Amino acid sequence: MTTSFENYMEKIEWNEDKFNLSQFVEIWKDYISNSASWYKQLSAEQKNDPEFHEDLAKKINEIIEKTFAEPPTSSQIEEIDALQKELNTDYEYSCKAEAKYVLTFLKKKAD
């Protein structure tokens with residue numbers, strides 16, 4: 001679930017203004033339907049259970065909150081600062097996953 005969320009955020013370039021929960025949920029549904037082995041083991045009854053969907057929604061919210069709450073590492077900050085100085089940029093980031101995205105972006109820009 002975390003990977004799906006981070007991939008979605010990368011797709012929208014970590015622009016929170018572009019975040020669309022229903023769009024993310026559609027991507028998540030596609031992921032669990034086509035790639036998640038655990039989902040294939042559930043019965044049709046389980047998949048249609050409203051409580052199951054409530055639990056999934058809670059889990060999605062927890063993942064989103066956890067992702068945004070995890071601060072960037074000191075090594076990410078140092079590396080981003082060095083690249084931003086070299087490239088004369090000022091990209092903002094607020095969490096570890098976003099810092100990973102910015103770092104990858106800056107490295108590509110530096111090449």
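Lys29 counts as partly exposed, at 42% relative accessibility, where partly exposed lies between buried (under 20% relative accessible area) and exposed (over 50%), computed with a 1.4 Å probe on protein chains only. The model is predicted, so that local features need pLDDT of at least 70 and side-chain atom pairs count only at pLDDT 80 or more, whereas totals for chains, interfaces and linings use all residues. Residues are numbered from 1 along each chain as its sequence is written, and side-chain values use heavy atoms, with hydrogens and water left out.

The side chain of Lys29 forms a salt bridge with that of Glu26 (3.6 Å, N to O); the term denotes a side-chain nitrogen of Lys or Arg within 4 Å of a carboxyl oxygen of Asp or Glu. Both Glu26 and Lys29 belong to helix H2 (residues 21-34), where they stand three residues apart, about one turn of the helix. Helices (H or I, at least four residues) are DSSP runs, numbered from the N terminus. Glu26 is also partly exposed, at 48% relative accessibility.

Side chains of opposite charge can pair when their charged atoms come close. In the whole structure, a search finds four salt bridges. One of them joins Lys96 and Glu70 (3.6 Å, N to O). This pair links distant parts of the chain, 26 residues apart: Lys96 lies in helix H7 (residues 96-110), and Glu70 in the loop between helix H5 (50-69) and helix H6 (74-87). Lys96 is partly exposed at 34% relative accessibility, and Glu70 is partly exposed with a relative accessible area of 36%.

A further salt bridge brings together the side chains of Lys18 and Glu13 (3.9 Å, N to O). Lys18 is partly exposed, its relative accessible area being 45%, and Glu13 is partly exposed at 49%.

Terms used:
Helix = DSSP H or I, 4+ residues; strand = E, 2+ residues; numbered from the N terminus.
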